[in-house]
Structure formats: structure tokens, C-alpha cells
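Dear colleague,

I am handing over the structure we spoke about, and my notes on it come after the model itself. Please read the two side by side.

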Amino acid sequence: MKVLNAEMTSLLDKLYNLRGKDSIVLLSMEKEREEAVETKNRTSVLKSELQSKINSLASEESVLADEGAKLQMALSTINKEQFANVISHLNIDFDPEDLRKKVDERLPETLDKVAREKKGAGEELVKVEDEMNEAITKIEELGIRRDEAISNQERLNKYIELALNSNINITRDELTSLLAKFDFSEEEQREAAKLLMFPEDGLFEYDSNYSQKSETTRQVNDFANELREQTRSSRKMNETKEEESKPLIQESNEEPLKVDEEVSMISVPTIPVENEPKTSKDELLDFLRSNSFDELDFTTSDMQKMLDNFDRDVFTSNIRRLADYGISKDIFNDNIELMYDKELGQKIDRLINIGKTPQDMYLNPSVLIKYNLVELNDAIKVLTDSGLDPKNVPLMAY
């Protein structure tokens, strides 16, 4: 049995990094995808601006040419001598011939300037469209590459588990071929393959140490989560005590107001502002509990967002719509914007219509958040206009 040395540890560190969601391969692809999405969004805006500019210049060019021709025609028909007397008495400096010459001289230059500007905008539009199409193509390719990378990751995990169980029956060529897809050098491929085929030479020891480190990390995370829960519970108890110490209703000897249209327009008693959030919060909590939500699953920020946007009908409709499609309501825990999105149902229907599944949306909720209905339709149209089938393009690439 070989002793686990620094070189072997470094190689196994690289190998084990490829096993999880923090894989350098997956993170690199995600960074590329984010950059491509940013490029697509930026060029999409530029494309729209350039198209608008070109249309404006084309209209301006047409109007200038039409009005210029009419002005030339009008000036050419005027005989100054026919109006000599009135021009003299009115002391007007009017020379149609001079004006006609100026129009003849300046009109072509002006039209040429507008035409050059329109041509420049057209050339820029072609470049922008090329850049946008390249970004869209790259997003699609990255989706395919990511699927392949995940498949390779699953194979790697399977081989490592077989090796750890002393049950690996994979050939050296199969192992090195897979490792080559992760950009291992030939030497790294050979050494890593040896460690998998003969796990007693270092893999067992490394995995044991790795598992201990992972357990320590898990315990630290569990402790942090427990501490957060304790802090949240303590805060909730303090808030409850404070609320209980305040009278819910202020006693008054005044007669009840009779509120009709005239009175409501003239004088309405002011309700203390500090009572409004409390009432709204109680209503929100009652709503969440009646729909089997645990308010502790939501952050303070999420609760405030729901308070600011609380609409019982919208909240209820969105919860039922997700239930109708079999999408777990857990999706709201990290995507609270969906709770008060008035277009959520329409966006889900739109994605279902192009062939996406409820599972697709559950795993990629960001597409429902970052687009309104119009923008979602535009994104789908961009894919269609580019010759792509929106059904086959992963949602993460939208």
C-alpha cells in the first residue's frame, strides 16, 4: 500500500472537485453562460435602438427628397420681374433664382449626409445582430455542453463509488478517455486511473479524510442554521411580547361615525400609521398559515416584500396555479417575487405551450422572475427567429 503523498492529494483534490455542483467545469460554463446572456440582452437593446434609428433616417431621407424636389419646382416657376413693384415697395430681399441655386447646391449634400448616416447605422446593425446571434448560439451550445458535463460527472461519480467499493471493472482506456474530457493531462490521466483501479494505493485514505472534512463542514453549517433559527425564534417571541403589551383597541367615548360619500370626502379620522403594518402583518400571517406555509421559511426581507405587495386574490391564484401544474409551493421560499406576480399564470401557460414542463420551471424559476410576459414572448421570438426550437433550448439559457 502506497502512502498518500502531496502530488496524489493534489490530483485527488482536482478529481473530487469535479464531483459536485462546485465543479470548476460547471462553474466555468456558468460564468460563460452569464456573459453570453449579458451580451444577448445588451445587443438586443442595441438592435432595437439601431432599427428605430434607421427607420427614422429613412423617413427623414424620403421627406427631404420629396420636399426638396417640390421646393426646386416652385422656385423654378417664379419670375422675379413679375413681382418687382411689390418687392420694391415692401423692401423685401427676395431672389428666387438665388434661393434655387442654394437649394440645388445644398439638397444633394444634405441627402447624402443622411444616406451615409443611415448606411453606417445599417452596418452597425449587422455587426450587432451577428454578435447577438453568436451569443444566442453560445448559450444553446453551453446548454448542450453542460448536459454532457453533467453526464460525464455522473459517470465519474459512478466509477469512484465502484472503486471505493473495490468493485471497479472499468478498463484503463475507459478511465483515461473520461478524464481527458475534464482536461486532465496525459500524465494526470494515467495517475488518476491507477488510483481508481488500485484504490488501496491512496484513494481509500483520501476519501476517509475528505468525508471527515465534509462532516465537519456539515456540522458547522448545521450549527449556523440552528443559531439562525434560535435567533429568529427569540426575535419572534420578543415581538409577540411587545405586541401583547400594547392595547389592540383604544377605548373612546365618541359616537361611531356615519360614513357616507360626503363625509368620506370631507373628513376621515386618521388611523395611526404604526397600526397599519401590524394589521397587515396579522392578515398576511393568517393567510400563510391557512395555506399551510410556515412563516419561518421566509426571511424578514421576504415578509416585507409580501406585506408591500399583499393581494389575497393574486396570492391565492398563484398558489393554486402552481398546485394545478404539480409544482411544489416550496418554490416560493427562495423566489418570493412569484407570490405576487400578477402575470405568473400567463407566463407558465406560455412556457407550457412551447413544450416546457412544470419540472423545468421548478428547477429554473429565474426565467419566471426576470421576464414579464411581454419580455418572455420577446425572448421566445428571438429564439424562433434565430431558427431555434424554444422547446429544445434549456430554460437556463433564456
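This is a predicted model: local features need pLDDT of at least 70, side-chain atom pairs count only at pLDDT 80 or more; totals for chains, interfaces and linings use all residues.

Residues are numbered from 1 along each chain as its sequence is written, and side-chain values use heavy atoms, with hydrogens and water left out.

The protein has 15 helices and 0 strands, where helices (H or I, at least four residues) and strands (E, at least two) are DSSP runs numbered from the N terminus. Of the 398 residues in the protein, 29% are buried, that is, under 20% relative accessible area with a 1.4 Å probe and protein chains only. Taking contacts (heavy atoms within 4.5 Å) between residues at least 6 apart in sequence, 73% join residues at least 24 apart.

As for the helix pairs, helix 1 (residues 6–17) packs with helix 6 (residues 186–197) at an angle of about 90°, their axes being 11 Å apart; axes are lines fitted to C-alpha atoms, for helices over the stretch in contact, and angles run from 0 to 180 degrees between N-to-C directions. Helix 1 and helix 6 are therefore roughly perpendicular to each other, a label given to angles of 65 to 115 degrees, whereas angles under 35 count as roughly parallel, over 145 as roughly antiparallel and the rest as oblique. On the side of helix 1 the contact is made by M8, L11, L12, K14 and L15, and on the side of helix 6 by E188, E191, A192, L195 and L196.

Helix 4 (residues 96–164) and helix 5 (residues 172–180) pack at an angle of about 140°, with their axes 10 Å apart, which makes helix 4 oblique to helix 5. Here N152, R155, L156 and Y159 in helix 4 meet E174, L175, L178 and L179 in helix 5.

Finally, in helix 12 (residues 344–353) the buried residues are L344, G345, K347, I348 and L351. Seen down the axis of helix 12, these residues fall within an arc of 165° (taken from the directions from the helix axis to the C-beta atoms), so they line one face of the helix. They pack against helix 11 (312–324), helix 13 (358–363), helix 14 (366–370) and helix 15 (373–385). Just after helix 12, G355 takes a positive phi of about 105°.

Notes: Buried means under 20% relative accessible area, exposed over 50%, partly exposed in between (1.4 Å probe, protein chains only).
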